[in-house]
Amino acid sequence: MPQFPRNRHVLLLGSVLLLVSACVLPVLYFSPGFFVQVSAAAVSAILVSVFLLLLHSAIYDLFPLNHPSFAGFVKKEDSIILLLDKRAEIICYAGPKVEDYFTASVRAGKASSTLLHRFSPDERETLVSELSRLQGGEEGRTNELKLVRPDKDEAWLSIRFEGIRSRRGVLKRIVFVCRDVTARRDAQLRLVQAREYEVEVGARIQQSLLLGQPETSYSGMQIGAFTLPSQRIDGDFVDFFSGNDSSITDFVLGDVMGKGVPAALLGAAARTELMRSRLGNSSSNSLPLLSSVIANAEANLSVELQKFNSFVTLIYGRLDRQQRLFEFIDCGHTSIIHYDAVHRHCWLLKGSNMPLGFVNSQDFQRYIIDLNMGDILFVYSDGITEAVNSEGELFGEERLMHLVRSSAELDAEDLLQKIKMITFAYSAGAFRDDVTGIAIKLDHTDNELEIKTATETFPQSMESLRDIRAFSRKQLSACRSVSGSGNEGLCDTIELVAGEAASNILRHQESGSGTTLSVSIRTCVKWIAVSMEYRGNSYEWYKVSDPDVTSYQQSGYGLYLMESSMDSVTLEQGEDDRLRLVMMKHIERTGNEEQ
């Protein structure tokens, strides 16, 4: 039994004990004296028991490794089989294929450390850890590790340790079983490389189909865009349009529900439909209505999106740099962040429409706000605000507003880079959704628009209502564009709307010592903007239904009056629980503006 030197010693020891008991014990047994005879019998029983125990141990260790059927099995078996002692220090058995993957020194009677020389340090640590687990009573696990064969070729082995235990569960031997899985790993690698190539091609196609880039420069405006797909290919899409009027720029940012190639294909279809709709509604003398562009695109997209149980959220914006106006339609997208450079405050702009694909058609509501030099608009996908840190906390809108405000002195491109780096670090690069953003900064206009601004702050109580109405009447009456020909009655209408808005705020919002209502009226030859900033409770104002005039209800007419009299009414939520109501009215209409 040359393969098992320890078993030979066990049998030799058992034979010596049996010989001693056969020669000595009979003499003692037939000696005079009852006590001697009983002692001899007891010793005989003990020695025979020890011999049987040692013999059982030897047979347990040998079987079935020396059995002819087992020897034939291991020659045909593809696995590499080794047997280690319970301490994993000595090789008790080495199968016939061991030399092909390790060395000739890996054989019975040698230290098991010779097995590790072909593995890297990290993989040796994995093997030692698995042995420790097995010796600690845990089940063996399969690991795929790479080694360098004696012929210098690399091979991948699927390795598993199993324990041979006694009936009492005591570990006796450790079986080390390896299987060559190099062919499978190579096939997997080729498949991964092929898929990676397809994804790379898809990403390049996506850059051309989904991610439009702004022009290198716009007069009076800085603009930049970026995207970080969560899966190399995503469903976010961006596009920019410039018409005959160089001072007006349209842009769109959309987000398709889902990820990967299917979302990217739907995003490409949505972007194409929007582009086709815009071109179809354009004329040589006027820009298309934002509502018409989206309505026509929705008519062609909704049925297909519903077939795939998907939808598209988007922001379609139009920036008029000469008039300093920003017009947008929000289809269920994340809020737009507006940084007001004058007050150094951030506001969230939100619209009322549903995503494309929810219904077959809907009426699209546009919103307009006035801008100052230095104002910033940041439009983004929810992958930014939904970025999660190691503790499961979302990045959120509040952090993003603070980041935009604290970085407002940066150029648009630098602001985008800072937002990208901070959110990437916050989530440790593991974005759960696609990340896309557009930053727009208004820096100057070629023909400066003369805008008159009057602002006054009042205590936030009903006693201030008379003073607010007087302030509004004075500022609107002094505006020559309002009192001019063709605008008779406009001053009274806006004064009435401003008074109704102030009455609603003072009646329904919190009041008390220190709370104030700031009223600002901005006028120019093209438009009038009335804004009211106050502290209160935010609500989804755009979901308030119109009053039922047939029932003669006593309240609920305020918002209806504002929306029916003004071109745009928005309620913006800001930092520190501040709210701002902005009401816009065009004075002089041209062919380039919506009717």
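## Aromatic pairs

This predicted model holds 11 aromatic pairs. Take Phe161 and Phe176: their rings sit 5.0 Å apart centre to centre, with 40° between the planes, so the pair counts as tilted. The two come from distant parts of the chain, with Phe161 in strand β4 (residues 154-165) and Phe176 in strand β5 (residues 171-180), 15 residues apart. Phe161 is buried, at 4% relative accessible area, and Phe176 is buried too, at 2%.

Then there's Phe395 with Tyr426, an edge-to-face pair at 5.1 Å centre to centre and 80° between the planes. This one also links distant parts of the chain: Phe395 is in the loop between α9 (382-385) and α10, Tyr426 is in helix α11, and 31 residues separate them. Phe395 has 5% relative accessibility, so it counts as buried; Tyr426, at 17%, counts as buried as well.

Arg149 puts its charged end over the ring of Tyr101, 4.5 Å from the centre, while the charged end of Arg185 sits over the Trp156 ring, 3.7 Å from its centre.

## Cysteines

As for individual cysteines, Cys92 is buried at 12% relative accessible area, and Cys346 counts as buried because its relative accessibility is 0%.

## Ser407

Ser407 lies in the loop between α10 (396-406) and α11 (412-426). With 0% relative accessibility, Ser407 counts as buried. Leaving out residues up to four places away in sequence, Ser407 touches Leu415 and Lys418.

Definitions and conventions
Residues are numbered from 1 along each chain as its sequence is written. This is a predicted model: local features need pLDDT of at least 70, side-chain atom pairs count only at pLDDT 80 or more; totals for chains, interfaces and linings use all residues. Side-chain values use heavy atoms; hydrogens and water are left out. Helices (H or I, at least four residues) and strands (E, at least two) are DSSP runs, numbered from the N terminus. Buried means under 20% relative accessible area, exposed over 50%, partly exposed in between (1.4 Å probe, protein chains only). Contact means heavy atoms within 4.5 Å. Rings of Phe, Tyr and Trp (its six-membered ring) pair if their centres lie within 6.5 Å; planes under 30 degrees apart count as stacked, over 60 as edge-to-face and the rest as tilted. A charge sits over a ring if NZ of Lys or CZ of Arg is within 6 Å of the ring centre and within 35 degrees of the ring normal.
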